[in-house]
Each structure stands twice: as C-alpha cells, then as structure tokens.
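Subject: Structure handover: salt bridges

Hello,

Here is the structure for you to look at. My notes on its salt bridges follow below.

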Amino acid sequence: MGGRRVAVRREPFPGGPPVNALVEFRGVSYRIGARQILSDFNLRIGEGETLALLGRSGSGKTTALRMVNGLVQPTAGKVLVEGRPTSEWDLIRLRRRIGYVIQDAGLFPHFTVADNVSLGPRLDGWSQDRIDARVRELLEMLDLPPEQYLHRYPRELSGGQRQRVGVARALAANQSLLLLDEPFGALDPVTRHEIQQQFLRISRSLGKTSIFVTHDPREAMLLATRIALLREGRIEALEAPADFARATGDEAQAFRACLA
C-alpha cells in the first residue's frame, strides 16, 4: 500500500483481518480509458462486520461497492463473495443474495410500501403469509406502523419515510449482506440521525454484514466496526473508529478535522 501504515481492528477479528471473509478484494484495479479509479485494492470483510468506505468524491468508494454485486467488474484482480469471484456468479442470483440501499431509496413509484418491501421475498417464492409477516415485522422495526403505511405509495411519504422503506426492502429476504451507497445523505440532520440510530440497532440485532459508502466521518465512526479511508483509488487507512480518531495520515487528519 505504497508504504502507508495500515492498522486493523483487533476485535472481533483478533490478530488481523477476518480469516473467513464474506467479501474479499484481491489485487483489484479498475480503469476507464486513461483514468485509474482503483489501484491494487486489497480488503477482506468478515461476517457481521459493518465496513465504511470513507473518502472524497472520486476516491473510488462507490466503484468498489458496485463491484460487490457485479454492477462493475474489475479490469484486474478479483472480487469474491462467499469465496467465489463475482465473474463466476450468475449475477441475478448474486444480487438476490444482497440487499442494496441507495440515496433516496430507489423505490418503485407505482408500488405500494407493501409491494416494494415484499419484492425480494416474492421473487424468492415465499408464501404470502410469510411475506405479510416479514413486511409487518420490518415496518414495525423501522417505526412505520403497518396499518398506516402498508398501502401508501412513495409519493405519499417523506424523504425519511422513503429511506426507511428502502432499508426494509433491503432486509426483507434475509440477505446476509447489505450494500449502502450514501443512504442517508439526502436527509435533514435530525431525520438522518434517527435513521442512523435505527440502522445501527437493527444491524447489531440481526448480525448483518454491511458495507456502506459515505463522505461523512461522523457517520463512519458512528456506524462502522472498521473504516477504510480511500484516496485516489487506494486504501490510505484501515482502522477501527477509535483508532481512526488517532490516525496520523494526511487524509485521515483532513477528515478528522471535520469532527472538530
């Protein structure tokens, strides 16, 4: 990593990064024409971990995230999910195993809340009774009383409510892996804090593995078990939140200055 010091979280991965990685980047590079987006990117993400990809615009964090579900394929190296390169997966099958949350939720406008949340389980062939129970469970978990919200359409919801529905949809089919691309960035500060707290509670209680993109160091330190700080397509620091607060690299110091 160009001689940069990289520290790793010691718990719950004693002695270094996770041995059994759910997601792994091995020597990944990606370029578009003459522009290098990622360079020799190596990272292992273990089960139950919440990893933040933190960085400035153009640092490569969203490209790295999109590689996990095969939306982008490396120009060199491999991305493995459950030990298998994404290039060898049936991409439809892979994506059904992954919950994906984007900014503004990306809900289908002509679907009700119930239809949006139940889409994954329905595609997986769940029974209607099981679908109904799962949708109600998730809406209650996210402070959206089912009787009030089941039959509403996205246009009838606030931004925060749409984002909660997006999180519920990502969780609906019991996927073990969640990808989140700046999911709370468009929300006002109060709503953002509320949904961050809900996500943190749900993530811990359900034991999901999550990878999320953010440019906000406060969000990364609140939600993540490890923070990967990207700079020009490389990992400049890989730290637990407490260690990131003491990191000495130039880019880490620049982001830490935002916390003052």
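R192 has a relative accessibility of 15%, under the 20% cut-off, so R192 counts as buried. Keep in mind that this is a predicted model.

Take E219 to begin with. The side chains of R192 and E219 form a salt bridge, with 3.4 Å from N to O. This pair links distant parts of the chain: R192 sits in helix 7 and E219 in helix 8, 27 residues apart. E219 has a relative accessibility of 2%, so E219 is buried too.

Next, D216. A salt bridge joins D216 to R192, and their closest N and O atoms are 3.5 Å apart. D216 is in the loop between strand 8 (209–214) and helix 8 (217–223), while R192 belongs to helix 7 (residues 189–206), so this contact ties together parts that are 24 residues apart in sequence. Both D216 and R192 are buried.

Now the other group. R56, R231, E236 and E251 are linked in a network of salt bridges. Within that group, E236 pairs with R231, the closest N and O atoms being 3.3 Å apart. R231 comes out at 32%, which lies between the 20% and 50% cut-offs, so R231 counts as partly exposed.

Best wishes

How values were computed. Residues numbered from 1 in each chain as written. Predicted model: local features only at pLDDT ≥ 70, side-chain atom pairs only at ≥ 80, totals over all residues. Heavy atoms only, no water. Salt bridge = Lys/Arg side-chain N within 4 Å of Asp/Glu carboxyl O. Helix = DSSP H or I, 4+ residues; strand = E, 2+ residues; numbered from the N terminus. Buried < 20%, exposed > 50% of the residue type's maximum accessible area, 1.4 Å probe, protein only.
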